[in-house]
Amino acid sequence: SGGIADTVAPTAEDDVIFNANSGNVTVDATAVAKTINQTGYTNVLTHNAVTLTVSGSVTLASGKYTTSGAATLAIDATGTLTSAGNTLYNLTVNASGGTVTLGDASNVSNEVTHSFGTFITYGGAGALTHNWFKFTSYPTNIRTMTLGNSTINISAAYPNYSWNMAYALNLTFNANTSTINMTGSNAYFY
């Protein structure tokens, strides 16, 4: 957050804090962080077509995160994603032995992938609405998905796999009282 250390790329052990003293930041190479927190951030984090892997929570500030190209935000350990109305391009949940919780409504313009760990979409914050292009849960890793009372809107059209859970081995799926809406032409569950 501001100062000379901003010129050094974070490691998987670093909490990355953006505050009022932090300038505009561009992620243009594969990167890692322990956590990301934009509370009080007044500039913009631009995430280009690379993977940013976070081993904990991600708290974005409204209007302060943008993607350019096929940017992937990957969360690989227990944490909460608070996207604050920002649109992600790809979101990957790969938390072996951990739990990733969506702390607020989310917008993902390409794909949400759940490949390992527990993925909770309702975050304890009441009914949340998520707008995703498509969703995939694979391969055969041990994973649990709990939707609670969330609403998930999927907009992918055929021939995309709109909602793909074809690899259901080792998957525990808790639909609870959720609603999944498919709005794409010829959209389907697989």
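This report describes strand pairing, the nonpolar core and selected residues in a predicted model.

## Strand pairing from S3 to S9

Strand S3, residues 31-33, runs parallel to S6, and three bridges join the two. Within this pairing, Val 32 has Thr 53 of S6 as its bridge partner. Strand S6 is in turn joined to S9 by four bridges, again in the parallel sense. Here Thr 53 stands opposite Ala 74 in S9.

## Strand pairing around S11

Strand S11 spans residues 87-102 and runs parallel to strand S9, residues 72-75, with four bridges between them. In this pairing Thr 72 stands opposite Asn 90. Strand S10, residues 79-82, also pairs with S11 in the parallel sense, over three bridges. The bridge partner of Leu 81 in S11 is Leu 102.

Strand S12, residues 106-120, pairs with S11 as well, in the parallel sense and over 10 bridges. In this pairing Thr 101 stands opposite Ile 120 of S12.

## The largest nonpolar core

As a general background, nonpolar side chains in soluble globular proteins tend to be buried together. In this model the largest nonpolar core has 34 residues, and the members that touch the most others are Leu 91, Phe 119, Trp 132 and Phe 135. Strands S6, S9, S11, S12, S13 and S15 each supply at least two residues of this core. The most is given by S11, with six residues.

Leu 91, one of the members that touch the most others, has contacts with several parts of the chain. Beyond residues up to four places away in sequence, Leu 91 touches Leu 73, Ile 75, Leu 81, Leu 102, Val 108, Glu 111, Val 112 and Thr 113. Two residues on this list, Leu 81 and Leu 102, are also bridge partners of each other.

## Two buried threonines

Thr 72 is located in strand S9. Thr 72 counts as buried because its relative accessible area is 13%. Its side chain makes a polar contact of 3.2 Å with the side chain of Asn 90, the residue that Thr 72 stands opposite in S11. Apart from neighbours within four places in sequence, Thr 72 is in contact with His 47, Val 50, Thr 51, Leu 52, Asn 90 and Thr 92.

Thr 101 belongs to strand S11. With a relative accessible area of 15%, Thr 101 is likewise buried. Residues up to four places away in sequence aside, Thr 101 touches Gly 79, Thr 80, Leu 81, Ile 120 and Gly 123. Among these is Ile 120, which Thr 101 stands opposite in S12. The C-alpha atoms of Thr 101 and Thr 78 are 8.1 Å apart in space, although 23 residues separate the two in sequence.

## A buried glutamate

Glu 111 is placed in strand S12. Glu 111 is buried but has no salt bridge, and the nearest side chain of opposite charge, that of Lys 134, is 4.2 Å away. Glu 111 has no salt bridge with Lys 134 because 4.2 Å exceeds the 4 Å limit for a salt bridge.

The side chain of Glu 111 does make a polar contact, at 2.5 Å, with the side chain of Thr 136. Leaving out neighbours within four places in sequence, the contacts of Glu 111 are Tyr 89, Asn 90, Leu 91, Lys 134 and Thr 136. One of these contacts, Leu 91, is a member of the largest nonpolar core.

## Backbone features in the later part of the chain

In general, most residues other than glycine have a negative phi, and most peptide bonds are trans. The peptide bond from Tyr 138 to Pro 139 is cis, with omega near -10°. Pro 139 lies in the loop between strand S13 (129-137) and strand S14 (143-146).

Asn 176 has a positive phi, near 50°, and is found in the loop between strand S17 (171-174) and strand S18 (179-182). Asn 176 counts as exposed because its relative accessibility is 52%. Asn 186, which is not a glycine either, has a positive phi of about 60°. Asn 186 is placed in the segment after S18 and is exposed, with a relative accessible area of 59%.

Notes: Residues are numbered from 1 along each chain as its sequence is written. This is a predicted model: local features need pLDDT of at least 70, side-chain atom pairs count only at pLDDT 80 or more; totals for chains, interfaces and linings use all residues. Side-chain values use heavy atoms; hydrogens and water are left out. Two strands pair if DSSP finds at least two bridges between them. Buried means under 20% relative accessible area, exposed over 50%, partly exposed in between (1.4 Å probe, protein chains only). Lys and Arg count as positive and Asp and Glu as negative; His and the chain ends are not counted. A polar contact is a pair of N or O atoms within 3.5 Å; within protein, one must be able to donate a hydrogen and the other to accept it, and residues adjacent in sequence count only if both atoms are side-chain atoms. Contact means heavy atoms within 4.5 Å. A nonpolar core is a set of buried Ala, Val, Leu, Ile, Met, Phe, Trp, Tyr and Cys residues joined through side-chain atoms within 4.5 Å.
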